[in-house]
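Please look over the sequence and the model before reading on.

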Amino acid sequence: MLSTGQASGFQRKDLRIAFDAEAVVIHDGVPFSARVADVSRGGAALSAPLPPPKDATVTLELGSHALVARVAWRGGRRFGLHFETRLRASDVFLLTRQCRGTSAP
């Protein structure tokens with residue numbers, strides 16, 4: 001499912017692809033499991049029992065990819081990441097295809 005964020009009253013820069021996969025997030029050298037809810041060229045939305053603080057720099061390990069990102073927002077168990085380097089559209093497609101139904105190590 002694709003989302004542009006129009007229902008919430010604003011237009012997202014990138015289409016987000018609904019996604020459900022486990023990933024590992026590393027914050028301050030400490031890895032923890034998180035669930036990816038959606039992904040785009042510029043970032044991802046995740047959930048975890050104890051998300052990292054807003055503006056923290058983290059590494060998202062998803063499939064064979066390690067993506068450096070900043071925590072852009074946090075609310076309850078959910079948080080959003082802004083990737084340091086935007087992904088190509090083809091990379092988003094391959095990432096979501098590769099990781100669907102995977103589990104974190």
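**The helix and what covers it**

In this predicted model, helix H1, which spans residues 89-99, has four buried residues, namely Val92, Leu95, Thr96 and Cys99. These residues lie on the same side of H1, because the arc they cover around the axis is only 90°. The cover over the buried residues of H1 includes strand S2 (16-27), strand S3 (30-39), strand S5 (57-62) and strand S6 (65-75).

One of these residues, Thr96, can be followed in more detail. Thr96 has a relative accessible area of 4% and is therefore buried, since the cut-off for that term is under 20%. Apart from neighbours within four places in sequence, Thr96 is in contact with Ile17, Phe19 and Val39, while its side chain also reaches the backbone oxygen of Phe93 at a distance of 3.0 Å.

With a relative accessible area of 18%, His27 counts as buried, because the limit is under 20%. Residues that His27 touches, not counting those up to four places away in sequence, are Phe32, Pro52, Pro53, Ala56, Thr57 and Val58. For one of them, Pro53, the separation along the chain from His27 is 26 residues, and the C-alpha atoms of the two are separated by 9.5 Å.

The next subject is Asp14, found in the loop between strand S1 (2-3) and S2. Asp14 counts as buried at 13% relative accessibility. Its side chain makes a polar contact with the side chain of Arg86 at 2.7 Å, and the side chain of Asp14 also reaches the backbone nitrogen of Gly42 at 3.4 Å.

Stepping back to the whole chain, the secondary structure comes to 1 helix and 7 strands, and from the N terminus on the elements run β-β-β-β-β-β-β-α. Of the 105 residues, 38% count as buried, and the chain exposes about 6,100 Å², of which carbon and sulfur atoms supply 55%. Among contacts between residues at least 6 apart in sequence, 50% join residues at least 24 apart.

A last point concerns how far the model can be read. The chain averages a pLDDT of 85, and 83% of the residues score at least 70. Over residues 1-11, however, pLDDT stays under 50, and for this stretch the model has 16 contacts beyond four places in sequence. Where pLDDT is low, predicted coordinates should not be read in detail.

Conventions: Residues numbered from 1 in each chain as written. Predicted model: local features only at pLDDT ≥ 70, side-chain atom pairs only at ≥ 80, totals over all residues. Heavy atoms only, no water. Buried < 20%, exposed > 50% of the residue type's maximum accessible area, 1.4 Å probe, protein only. Helix = DSSP H or I, 4+ residues; strand = E, 2+ residues; numbered from the N terminus. Arc of directions from axis to C-beta. Contact = heavy atoms within 4.5 Å. Areas by Shrake-Rupley, 256 points an atom, 1.4 Å probe, with all protein chains shown as cover. pLDDT = per-residue confidence, 0-100. Polar contact = N/O pair within 3.5 Å; in protein donor to acceptor, adjacent residues only side chain to side chain.
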